[in-house]
Amino acid sequence: MKKIAFICVHNSCRSQIAEALGKHFAGDKFDFYSAGTETKPQINQDAVRLIKQLYGIDMEQTQYSKTIDQIPTPDVAISMGCDVGCPYIGRAFDDNWGLPDPTGQSDEAFIEVIEQIKRNILMLK
């Protein structure tokens with residue numbers, strides 16, 4: 001199966017959501033990973049709470065913040081958006097989803113980003 005990696009600077013919010021939803025909705029078609037150029041001590045707690053509430057997925061059970069060198073070399077690398085700086089991963093991105101970082105915003109802002117990620121993943125499938 002092709003390996004798809006979702007990349008953000010901190011690998012704590014959008015890329016983690018994409019990894020969780022990718023595995024949930026298209027894990028039978030692709031292997032999904034997320035990574036960053038830096039890490040955070042934990043996944044964004046609003047993302048964890050909302051993904052659990054909306055989809056019953058506990059990201060903290062199977063995911064953690066990691067750098068690009070800690071995942072297999074991806075066949076497809078997707079940037080979540082460069083509003084907090086575009087990470088350099090040693091090659092060009094195959095796609096940039098251009099999603100705003102919802103960190104520190106309302107649940108509604110998070111849910112908008114979550115639903116856009118879901119739509120993008122279903123299009124990948």
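This is a predicted model: local features need pLDDT of at least 70, side-chain atom pairs count only at pLDDT 80 or more; totals for chains, interfaces and linings use all residues.
Let's start with helix 1, residues 14–26. It has 13 residues and spans 17 Å from its first C-alpha to its last, close to the 18 Å expected at 1.5 Å a residue. If you want to click through them, the buried ones include Arg14, Ser15, Gln16 and Glu19, along with Ile17, Leu21 and Phe25. And what covers them? The cover includes strand 1, strand 2 at 30–35, helix 2, helix 3 at 59–62, and helix 4.

On to helix 4, residues 107–124. Here we have 18 residues reaching 26 Å from first C-alpha to last, close to the 26 Å expected at 1.5 Å a residue. Its buried residues are Ala109, Phe110, Val113, Ile114, Ile117, Asn120 and Ile121. They cover an arc of only 135 degrees around the axis, which puts them on the same side of helix 4. Those buried residues pack against strand 1, helix 1 and helix 2.

Next, helix 2, residues 45–55, against helix 4. The two pack at an angle of about 65 degrees, and their axes are 11 Å apart. The crossing is right-handed. From helix 2, the residues making contact are Asp46, Ala47, Arg49, Leu50, Ile51, Leu54 and Tyr55. Across from them, helix 4 brings Asp107, Phe110, Ile111, Ile114, Glu115 and Lys118. By class, that's 8 nonpolar and 5 charged residues, with no polar ones.

Last stop, Ile89. It's in the loop between strand 3, 76–79, and strand 4, 95–96. Buried or exposed, what would you guess for Ile89? Ile89 is buried, because its relative accessible area is 16%, and the cut-off for buried is under 20%. Leaving out residues up to four places away in sequence, Ile89 touches Ile7, Ile68 and Ala77. Gln105, on the other hand, is 16 residues away along the chain, and the C-alpha atoms of Ile89 and Gln105 are separated by 28 Å.

That's my tour, thanks.

Key:
Residues are numbered from 1 along each chain as its sequence is written. Side-chain values use heavy atoms; hydrogens and water are left out. Axes are lines fitted to C-alpha atoms, for helices over the stretch in contact, and angles run from 0 to 180 degrees between N-to-C directions. Helices (H or I, at least four residues) and strands (E, at least two) are DSSP runs, numbered from the N terminus. A crossing is left-handed if the near helix is turned anticlockwise from the far one by less than a right angle, and right-handed if clockwise. Contact means heavy atoms within 4.5 Å. Ala, Val, Leu, Ile, Met, Phe, Trp, Tyr, Cys and Pro count as nonpolar, Asp, Glu, Lys and Arg as charged, and the others, Gly among them, as polar. The expected span of a helix is 1.5 Å times one less than its number of residues. Buried means under 20% relative accessible area, exposed over 50%, partly exposed in between (1.4 Å probe, protein chains only). The arc is that of the directions from the helix axis to the C-beta atoms.
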